[in-house]
Amino acid sequence: MSSGLSNGIRVFRGCRALLAPSKSSASVPAAAAAKSKATGKPKSESKEKTAPSSDTAAAAAPKPKIKREMTRPAGILKVAQVSPALGNFLGVPEASRTDAVKQIWSYIKLHNLQNPANKREIYCDDKLKAIFEGREKVGFLEIGKLLARHFVKN
């Protein structure tokens, strides 16, 4: 039990800077107002005039934003040719993996093909059997694996 506690302490030890309250510009006037109330001096007199150090000025300067051109989608967002069976199901010859999975899930939900007792199980009708190798039931984690063979690699 003590080793679990020491592991937790070790993990959060490095996060103190992240967990500390931030010093935003909104909190500075509130702190100055509280200080002026405590000292009885007006705000303008309570502010100390110091030259900002070069480190603070560099950190406070806004960084220019780089405009990125429209990049082609990659990975699961990349549009690729699909097999004829999946093409018939989706109605398009090319699709991304995410679009295919979304359309399959909307079909499953629309036709109420999930097992009510075990929502991770999907009953396959004739259309889904054409995609999922003629199987009667498919686990929801298997959908990605079974769809992989339907995407043609260039």
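This is a predicted model: local features need pLDDT of at least 70, side-chain atom pairs count only at pLDDT 80 or more; totals for chains, interfaces and linings use all residues.
Residues are numbered from 1 along each chain as its sequence is written, and side-chain values use heavy atoms, leaving out hydrogens and water.

View 1. (Rings of Phe, Tyr and Trp, the last by its six-membered ring, pair if their centres lie within 6.5 Å; planes under 30 degrees apart are stacked, over 60 edge-to-face, the rest tilted.) Phe89 belongs to helix H6 and Tyr107 to helix H7, so the pair ties together parts 18 residues apart in sequence. (Helices are DSSP runs of H or I with at least four residues, strands are E runs of at least two, and both are numbered from the N terminus.) Both Phe89 and Tyr107 are buried, meaning under 20% relative accessible area with a 1.4 Å probe, protein chains only.

**View 2. Here's helix H7 and what covers it.** The buried residues of H7 are Thr98, Ala100, Ile104, Tyr107 and Ile108. Their cover includes H6, strand E3 (121-123), H8 and H9. After H7 comes Asn112, with a positive phi near 55°.

**View 3. Leu147 and its contacts.** Leaving aside residues up to four places away in sequence, Leu147 touches Leu86, Val101, Ile104, Ile131 and Phe132. Contact here means heavy atoms within 4.5 Å.

Note on methods. Buried means under 20% relative accessible area, exposed over 50%, partly exposed in between (1.4 Å probe, protein chains only).
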